Amino acid sequence: YRAAEASMLNMLPDEAKKMLSIAAERGFLNYRFLEKTVFAPLWKDKQFIQIKNRIKQNIGLNRPAKDFTIPLMDGKNFRLADQKGKVILIHFWASWCKPCLKTNRFLKEHYPGFKKQGYEIIGISLDQKKSDLERYLIENRLPWPVSCDYLGWETPVVKEYGISTVPSLWLIDKAGIVRAFDPKKKALLQGIKILIEKDSVLQQD
């Protein structure tokens, strides 16, 4: 996909679409990348829109989230399927990732109000150094469940969800359906509110 960006910079839109199509076929998930202004000339292009839709299919928007069971830092297990009836935000992150820590601060700010309305976060850390993660958790005391097996990118649920960058946010409704992927802050808050109030479909363009 970086090759596609380079092709656009070199005024080669057909080559860019070819590269993006290959990326989509290989399971590329970050369709927010396609919102970069370098791709603006293609935003209304039929093939480009098809590629974007294919990426959304890779993510699984508006389809059941992939179930998983993971061990938590407190020794308990967390199974996604057992959370039905709650709005769940899956946050793939790491203590070495500065944007992840910024996201954690934002999520922590809004967590208490949503928590008592049937909302939960599961933080899945890609840390590989136990001391780094433990130090971060002691200093920041995240109020939601956190899991880490210290395998980094090789963590089974990370591979199952096709995570290639962090932070990565997946918003799941009360029925276990993926309703948003990496929404921006305002859209995330709006989405959580909608899904708490009713099991309506959250559209993400």
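Predicted model: local features only at pLDDT ≥ 70, side-chain atom pairs only at ≥ 80, totals over all residues.
Reader: In what order do the five strands of the open sheet lie?

Author: Strands of a sheet pair through backbone hydrogen bonds, either parallel or antiparallel. Here the pairing is mixed. The edge strands, each pairing on one side only, are β5 (146-147) and β7 (178-181). The order is β5-β4-β3-β6-β7.

Reader: In what sense, parallel or antiparallel, does β3 pair with β4, and in what sense with β6?

Author: β3 (residues 87-93) and β4 (residues 119-125) are joined over seven bridges in the parallel sense, and Leu89 stands opposite Ile121 of β4. With β6, strand β3 has five bridges, and His91 has Leu169 as its bridge partner there. The sense is parallel for β3 with β4 and, for β3 with β6, antiparallel.

Reader: Which residue in the turn between β6 and β7 has a positive phi?

Author: β6 and β7 run antiparallel and are joined by three bridges; Ile172 stands opposite Val178 in β7. The two strands form a hairpin with five residues between them. The turn residue with a positive phi, about 85°, is Gly176.

Reader: Where is the cis peptide bond that involves Pro167?

Author: Most residues other than glycine have a negative phi, and most peptide bonds are trans. Pro167 lies in the loop between α6 (156-160) and β6. The bond in question has omega near 0°, and the cis link runs from Val166 to Pro167.

Reader: Is Asp182 buried or exposed?

Author: Asp182 lies in the loop between β7 and α7. Its phi is near 50°, a positive value in a residue other than glycine. With a cut-off of under 20% relative accessible area for burial, the value of 16% makes Asp182 buried.

Reader: What is the relative accessible area of Asn62, and how is the residue classed?

Author: Asn62 lies in the loop between α3 (46-59) and β1 (69-71). Although Asn62 is not a glycine, it has a positive phi of about 65°. Asn62 is classed as partly exposed, at a relative accessible area of 39%.

Reader: Why are α4 and α7 roughly parallel to each other, and which residues make the contact?

Author: The axes of α4 and α7 (residues 185-197) come within 12 Å and cross at roughly 25°. Angles under 35 degrees count as roughly parallel, and α4 and α7 are therefore roughly parallel to each other. The contact is made from α4 by Lys102, Phe106, Leu107, His110 and Phe114, and from α7 by Lys185, Leu188, Leu189, Ile192, Lys193 and Ile196.

Reader: How do the residues of the contact of α4 with α7 divide by class?

Author: α4 passes α7 in a right-handed crossing. Members of the contact include Phe106 and His110 of α4 and Lys193 of α7. By class, the contact has seven nonpolar, one polar and three charged residues.

Reader: What is the relative orientation of α1 and α2?

Author: The axes of α1 (residues 2-9) and α2 (residues 13-25) come within 8 Å and cross at roughly 170°. The contact is made by Ala3, Ala4, Ser7 and Met8 of α1 with Pro13, Glu15, Ala16, Met19 and Leu20 of α2, which divide into seven nonpolar, one polar and one charged. With angles over 145 degrees counted in that class, α1 and α2 are therefore roughly antiparallel.

Reader: How far apart in space are Ala6 and Val38, C-alpha to C-alpha?

Author: Ala6 is in helix α1 and counts as partly exposed at 34% relative accessibility. Ala6 and Val38 are 32 residues apart in sequence, and their C-alpha to C-alpha separation in space is 9.2 Å.

Methods. Residues numbered from 1 in each chain as written. Heavy atoms only, no water. Pairing = 2+ DSSP bridges. Helix = DSSP H or I, 4+ residues; strand = E, 2+ residues; numbered from the N terminus. Axes fitted to C-alpha atoms, helices over the stretch in contact; angles between N-to-C directions. Parallel < 35°, antiparallel > 145°, perpendicular 65-115°, else oblique. Left-handed = near helix turned anticlockwise from the far one by under 90°. Contact = heavy atoms within 4.5 Å. Nonpolar A, V, L, I, M, F, W, Y, C, P; charged D, E, K, R; others polar. Buried < 20%, exposed > 50% of the residue type's maximum accessible area, 1.4 Å probe, protein only.
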